[in-house]
Amino acid sequence: EFYLVKWRGYPESENTWEPRKNLRCVGLLKQFHKDLEQAWIRRDGKPKKNARWLDQGVANYVVQKAKQRRALWRWERQLNAKRNHKGRIAVENEVDLDGPPRGFVYINEYKVGEGISLTQVAVGCECRDCLAEAAGGCCCPGASRHKFAYNELGQVRIRAGLPIYECNARCRCGAECANRVVQRGIRYDLCIFRTPNGRGWGVRTLEKIRKNSFVMEYVGEIITSEEAERRGQIYDRQGATYLFDLDYVEDVYTVDAAYYGNISHFVNHSCDPNLQVYNVFIDNLDERLPRIALFATRHIRAGEELTFDYNMQVDPVDAESTRMDSNLGRAGGLAGSPKKRVRIECKCGAESCRKYLF
């Protein structure tokens with residue numbers, strides 16, 4: 001057996017054929033033979049005729065797969081260099097030859113669009129122990145006439161639809177305050193992976209996640225609803241949109257995660273999701289501009305895909321919760337915009353699947 005070797009730091013014109021005994025790269029050899037096995041399998045899952053022959057098609061596939069893997073490794077390093085959160089990001093594609101998405105910029109917090117300004121909060125709490133003093137109403141949630149959202153483990157304990165008011169930059173409490181959860185960022189190691197059933201990229205957790213734990217924030221560029229309508233028409237023609245209406249009190253602003261976003265950009269829809277959306281206020285108390293946080297609705301196993309309902313319904317629990325519109329206005333990665341939607345087939349595979357996204 002001889003292997004054609006591309007030497008690091010040398011052009012392809014310097015490639016050489018080497019016997020296996022000359023190769024000390026055990027991991028690369030295992031990956032190479034795994035790619036060969038994949039190249040010899042037809043789309044219907046059966047071995048190709050004359051399998052084991054290294055014909056031109058098989059050779060081309062192995063070369064393209066190697067180049068794709070290197071591109072994904074580089075992208076993974078770039079993502080981790082840009083993140084400011086504890087949780088690491090892995091990237092994996094064992095389905096096709098698609099490489100990193102083009103034109104996507106990883107950001108950690110909202111990118112404010114033209115003509116929009118965020119007003120910083122003017123005051124903070126004086127608490128020494130926010131969880132213990134929350135009952136007295138002196139902490140940030142109480143000052144805003146709302147409930148303290150978390151327990152001692154940082155798990156959300158209020159119903160979906162109610163707002164979360166976290167401590168802010170002007171509060172006396174420290175970074176480990178029980179009322180600072182979303183602002184600490186992603187804590188879990190997650191993987192962006194290629195789905196095998198035509199849903200594009202998805203996200204799965206590499207660690208188990210407890211029920212009601214914060215998982216990630218939906219981040220993108222904040223734009224006006226008028227600009228969202230204009231972009232939505234363009235995205236419709238392209239067959240892709242990531243527009244999320246911030247309609248907690250009124251439909252004025254939208255988050256566009258098409259080009260600027262974090263790992264939530266890749267989270268798929270499910271009619272039986274394991275993530276739930278909450279509106280969160282921290283350093284900006286403008287109710288038209290909440291931060292969108294995703295919390296686990298149940299215990300999530302390591303290796304399980306993360307999903308949320310793009311057409312989430314929130315059951316009113318009191319007058320306050322009715323201020324959260326039942327339609328979040330996101331058409332994640334599929335045709336349609338917040339104002340004009342196309343009937344899109346759902347591929348989530350849940351037993352309770354509604355068959356269509358919108």
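Phe2, Leu4 and Trp17 together make a nonpolar surface patch of about 390 Å². The model is predicted, and the values given here are computed from it. It holds zero disulfides, while the count of salt bridges comes to 17. A UniProt annotation from an unreviewed entry marks Cys125, Cys140, Cys167 and Cys171 as "binding site".

**Nonpolar patch**

- Of the residues in the patch, which include Trp17, Trp17 has its place in strand E2, which spans residues 16-19.
- Trp17 counts as exposed because its relative accessibility is 53%, and a value over 50% is the cut-off for that class.

**Annotated cysteines**

- The four residues that the unreviewed UniProt entry lists under "binding site" are Cys125, Cys140, Cys167 and Cys171; although they are spread over 47 residues of sequence, they cluster in space, with a largest C-alpha distance of 8.5 Å.
- Cys140 is placed in helix H4, which covers residues 140-143, and with a relative accessibility of 11% Cys140 counts as buried.
- Leaving aside neighbours within four places in sequence, Cys140 is in contact with Cys125, Cys167 and Cys171, and also with Tyr165, Glu166, Asn168 and Asn179.
- Cys167 lies in the loop between E6 and E7, and Cys167 is buried, its relative accessible area being 0%.
- When residues up to four places away in sequence are not counted, the residues that Cys167 touches include the cysteines Cys125, Cys130, Cys139, Cys140, Cys173 and Cys177, and beside these Asn179, Arg180, Gln183 and Ile282.

**Cysteines without disulfides**

- The structure holds zero disulfides, and in the case of Cys177 the closest cysteine sulfur, that of Cys130, is 3.5 Å away, which is too far for a bond because a disulfide requires sulfur atoms within 2.5 Å.
- Cys346 is likewise in no disulfide, the nearest cysteine sulfur being that of Cys348 at 3.5 Å.
- Cys177 counts as buried at 8% relative accessibility, and Cys346 is buried with a relative accessible area of 9%.

**Salt bridges between separate parts of the chain**

- Among the 17 salt bridges, one is formed where the side chains of Glu12 and Lys67 meet at 3.8 Å, N to O.
- Glu12 lies in the loop between strand E1 (2-5) and E2, and Lys67 lies in helix H2 (residues 56-82), so this pair ties together parts that are 55 residues apart in sequence.
- Lys67 is partly exposed, having a relative accessible area of 44%.
- A salt bridge also joins the side chains of Arg194 and Asp98, with an N to O distance of 2.6 Å.
- Because Arg194 lies in strand E7 and Asp98 in the loop between strand E3 (89-92) and strand E4 (105-106), the pair ties together parts that are 96 residues apart in sequence.
- Within this pair Arg194 is buried, with a relative accessible area of 15%, whereas Asp98 counts as partly exposed at 36% relative accessibility.

**Further charged pairs and a network**

- The side chains of Arg298 and Glu304 meet in a salt bridge with an N to O distance of 2.5 Å.
- Arg298 is partly exposed, with a relative accessible area of 32%, whereas Glu304 counts as buried at 12% relative accessibility.

**Pairs compared by C-alpha distance**

- Gly174 is found in the loop between strand E6 (164-165) and strand E7 (190-194), where Gly174 is partly exposed, with a relative accessible area of 44%.
- The C-alpha atoms of Gly174 and Asp129 are separated by 9.4 Å, although the two residues are 45 residues apart along the chain.
- Glu37 has its place in helix H1, residues 26-39, and is partly exposed, with a relative accessible area of 42%.

Definitions and conventions:
Residues numbered from 1 in each chain as written. Predicted model: local features only at pLDDT ≥ 70, side-chain atom pairs only at ≥ 80, totals over all residues. Heavy atoms only, no water. Helix = DSSP H or I, 4+ residues; strand = E, 2+ residues; numbered from the N terminus. Buried < 20%, exposed > 50% of the residue type's maximum accessible area, 1.4 Å probe, protein only. Patch = residues over 30% accessible without salt bridge, like charges linked within 9 Å, V, L, I, M, F, W, Y side chains within 5 Å. Areas by Shrake-Rupley, 256 points an atom, 1.4 Å probe, with all protein chains shown as cover. Salt bridge = Lys/Arg side-chain N within 4 Å of Asp/Glu carboxyl O. UniProt positions renumbered as here; feature names shortened; annotations may be inferred. Contact = heavy atoms within 4.5 Å.
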